[in-house]
Amino acid sequence: MGLLAVEALVKIVLVLLVLVLLVAYMTYAERKIVGFMQVRLGPMRVGPWGLLQPIADVVKLLIKEDITPTMVDKWVYWIAPVLAVVPAFLVFSVIPWGDSVAIFGRQIGQYVADINVALLFILAVMSMGIYGIILGGYSSNSKYPLLGGLRSAAQMVSYEVPRGFAIIGVILIAQSMSLVDIVKAQEHSRIWYFVPQLVGFVIYFISSVAECNRSPFDLPEAESELVGGFHTEYSGIKFAFFFLAEYTNMIAVSAVAACLYLGGWLPPFPNWLPWLKVVPGIFWFLLKVALLLYLFLWFRATFPRYRYDQLMRLNWKWMIPVSIINAMVTGLALILWS
Amino acid sequence: MTVNEFFRKIFFVDLLKGMSITQHFFNSPKVTLQYPKQRWNPPERFRGVLRLEKDKCNACELCVKECPEGIIKVESIRGDDKKKHPVTFTIDLKRCTFCGFCAEACPSEALNVSKDYELSFYDRDDIRLDMERLHKGVEITPYEK
């Protein structure tokens, strides 16, 4: 029991540290990649190729004065950033990043926890993140944050529906909700689920972009119309928390997508290139996550922001019907083939 | 919506085209000039700050007459060789439009247009260039890092 606790603690600390570092360098990657796509260089001055820029940014945000505007709802104002950040990190407790390995004769799984309702847990925890944004917008006692909060409430609640339906297809094929089992099912069937579930994958990814409030669905923080959206009144460390939550959410949905549709830690082409198995699984996992994150940034550099009615129309008139049909067709096909 | 448009929409044809364009720019060479490390070379006919060769100047004050902004001030004395020499020669760069008419008007080619473009100062009085600074050129603090 003691050993189990130590093992879990070590894993939690490792995951948290790696995540915070990943988020920091995600901001660097974003500025660099979006800069490159706009024929600029991005940050170049802090360290070689601007590599120390995220660290400078973090230090700046930490030592900035922590302003609480007058007339804000103090308790809610304080708790909102925390409510945004905690669910984003919680998702990573069920995400596996490799097959279990034997260390000192003990089988150690490369995940913090493998629960049998992992997908349900992820959906539930991720939808908690909305509270942080709504409460942050409401408590700021300012019209732009309130408008941003309202928009995000409608947007995130709507886009959760097609995402849930899209995942059903994977659950039906893998017959499990545990992410470890889903990846193992993909290993067993020798095909990654983005092939039979291409429609589901596309819907999952688009609604994930909307869930993370990322461009082209970044209405809650549309800077040209809402100043900064829900975090207009936030500065310093509290703002950093919202920032952390947004980027952690991006990494989380990418990691879940990698597990569900892209075979998690499995190397590609097991039939033709069997020698790829010598590369540790975490490399493949991180590669897939990085590719999906690159897509996020690519979208941001390419697409203009959706109008509010377009956003809702895309969801209710296209994504939800298509995702329901996708789930039904998957079920039918499974019945017919078995 | 025609059938063609419908299929364009569901297969994200336009979106993918847009993404291919941004990816093309991602791979293309960048236009950023990292200024203090790399310096910009002005083109041949660039008109920067003015330079005065004070030995050639005979204080004819044609530049003063030509200047559309009236920012050139010249005072002169007649020397022992019966020729005029400038004593003070100031240009107030605050209002200079870098038109180059003064240099064009100069009969003795004492006043010239140079290619120096780094003209930011810590003190607003530094913007008024006197004869010495016009002769030597505006001093530039070199970047060391």
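Just after helix H4 of chain A, Asn141(A) takes a positive phi of about 55°. This is a predicted model, where local features need pLDDT of at least 70, side-chain atom pairs count only at pLDDT 80 or more, and totals for chains, interfaces and linings use all residues. Residues are numbered from 1 along each chain as its sequence is written, while chains are lettered from A and ligands numbered from 1 in the order in which they are written.

**Helix H4**
- Helix H4(A) covers residues 118-139, 22 residues in total; helices (H or I, at least four residues) and strands (E, at least two) are DSSP runs, numbered from the N terminus.
- From first C-alpha to last, H4(A) reaches 32 Å, close to the 32 Å expected at 1.5 Å a residue (the expected span is 1.5 Å times one less than the number of residues).

- Strand S1(A), residues 98-103, lies largely in the open because zero of its six residues are buried (buried means 20 or more other C-beta atoms, placed from the backbone, within 10 Å of a residue's own).
- Four bridges join S1(A) to the antiparallel strand S2(A), residues 106-110; strands pair if DSSP finds at least two bridges between them.
- Gly98(A) stands opposite Gln110(A) in S2(A).
- Two residues lie between the strands of this hairpin, in which Phe104(A) takes a positive phi near 55°.

**Where chains A and B touch**
- Chain A and chain B each give 10 residues to the contact (C-beta atoms, placed from the backbone, within 7 Å).
- On the side of chain A, helices H1 (2-37) and H10 (281-302) are the elements giving two or more residues, and H10(A) has the largest share, three residues.

Methods:
Two residues are in contact if their C-beta atoms, placed from the backbone, lie within 7 Å. A residue is buried if 20 or more other C-beta atoms lie within 10 Å of its own, exposed if 12 or fewer, and partly exposed in between; C-beta atoms are placed from the backbone.
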